[in-house]
Amino acid sequence: MSPHPTLHGGSGCHDACCLQVRGLTVTAEDADLLKDVDLHIHCGQIVAVIGPNGAGKSTLFRAILGQLPYSGEIRFERAGGRRTRPLVGYVPQSPAFDSGDPVSVLDLFASAIGRWPVFLPIPSSLRQRVSACLDRVHAGELIDKRVGALSGGELQRVLLAMALEPLPHILILDEPMSGVDIEGEHQLMDMLHEIRSTYDLSILLSTHDFATLEQYADKVVLLRQSVLKVGTPREVLASPEFQSVFHLTFGKGAE
Amino acid sequence: MELWYSLISLLPLDWARADGMTFMKNALLAILVVSPLFGLLSTMVVTNRMSFFSDALGHSAFTGIAIGVLCGLAEPLWCAVVFAVALALLFTLVRRHTKLASDTVIGVFSSTAVALGIFIATLGGGSFTRFNAYLIGDILSVEPVKIALLAVILVLVLILWLVSFNQLMLASVHPALADSRGIRVVWQEALFSSAVAVVVTLSMTWVGLLVINSFLVLPGAAARNVARNMRQYHLLCVVFALAAGLAGLQLSYVLGSSTGACITLCLAVLFAASLLLGRLRR
């Protein structure tokens, strides 16, 4: 797979596939969780969604996953203009397993990708397939570990491998940096860069870690019920919208 | 049954001779059918955190019997089966559509069912003692018809397991992940809890209401202490249930005590042993 000519930015997107969200509104119990959200993501881009708690980040992801009723438009356009329903890979937030669960990585993976009942002996072809998927995120050695015994970073990699099978058009990660230490965070970012360039898919993630945004995000979306600001990390972090949302009053305290 | 009786006479046990005790032979067959069944159900009862739920089902079965007796049914057990299944389905529904913690919901249902049972049983100054047999259980009450029914349920549960186990497990260990994979387990969960309801109710008369929940919790709990994946977990659950069932039956025959209680005590010993083994290995 080769990257598209209009990979990063550019005005036209006839040659690249992209995710388009237009006028997305999600309402629950008479309150707008999301209101009139517009979003445009090219494949190969890593887009970070930031915003305070309750800003609608998870709601946005769930709407794209098709788990919530919404009004507005979410569509995926393949290169050449053909529209399809996007295949979305999802890494859920702060995954916590019961540490006593007798579930191995192989069990978890095989139960998610196939119909072969995992309480029966697993055929070697299925094991090889799971192993190959884990190798994509350099986690092949974890296959027989219990999920409850994985570290935060290891579990994150396993869930990432699961989200990449079958290979999605869009990869969504909900707060991937939470529950992972600095070392794990760096590994994860390297991994996302690798995945982006190898498989040429769009990556959408939410985060509270603003310090590292510039290192990996092509585009940052500041969200609070609607999109307040979109741009490069530098643009968004310097914007008055960002400062007002997070109540940052630079300068005043120094006087 | 004749085939079974002639097969069993090969065993070197005094009750197993051709002129031996028919009820023990029935009981042995019942245990061979029910143990794998309880073992299988136990894997998900424990993983799904439903031990309290299955306990409540046992209680509701008693209420069903009381209602059956009140209606003057010759065989109140069928009334109990219907009642328990209805309650199991209601649980599944309420658990899904309420913000209360599921143990709270179960507590509400369980205590209401028990109160209703005692209310009906003692209505008009009735004596409770005639229900004592259900609390302790009586091995003499195993009938070939019920064993056949339990065998049918074993087959049905096996089919459910083959078709839906992956989804049930994923929804139980990681709901958010299951959701994102488009897994909807309402029907499977309803089937699963109905199966638990039917098995608990049918076994109650010979196992005893007070200990029957241990059959659903202890094999899974013991297997978790040592199992590292789903295959070991299932194998150990079924083996533990079978071993405790057989040992408990012989023990109750030798000592002349309740079979249900003996099996439970054997399971408890297995649990303690596996706990120790699990600790040593870590």
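1. Helix H2 (residues 22-47) of chain B packs against helix H11 (residues 230-255) of chain B at an angle of about 150°, and their axes are 8 Å apart. Axes are lines fitted to C-alpha atoms over the stretch in contact, with angles from 0 to 180 degrees between N-to-C directions; helices (H or I, at least four residues) are DSSP runs numbered from the N terminus, as are strands (E, at least two). H2(B) and H11(B) are therefore roughly antiparallel (an angle over 145 degrees).

2. The contact between these helices (C-beta atoms, placed from the backbone, within 7 Å) involves residues including B:Met24, B:Leu28 and B:Ile31 of H2(B), and B:Tyr233, B:Cys237 and B:Leu249 of H11(B). Its residues comprise 16 nonpolar, 6 polar and no charged. Ala, Val, Leu, Ile, Met, Phe, Trp, Tyr, Cys and Pro count as nonpolar, Asp, Glu, Lys and Arg as charged, and the others, Gly among them, as polar.

3. The model is predicted: local features need pLDDT of at least 70, side-chain atom pairs count only at pLDDT 80 or more, and totals for chains, interfaces and linings use all residues. Residues are numbered from 1 along each chain as its sequence is written, while chains are lettered from A and ligands numbered from 1 in the order in which they are written.

4. Where chain B touches chain A, 23 residues come from chain B and 21 residues from chain A. On the chain B side, H7(B) gives the most, with 7 residues. That side divides into 11 nonpolar, 7 polar and 5 charged residues.

5. Chain A contains 8 helices and 10 strands.

How values were computed: Parallel < 35°, antiparallel > 145°, perpendicular 65-115°, else oblique. Contact = placed C-beta atoms within 7 Å.
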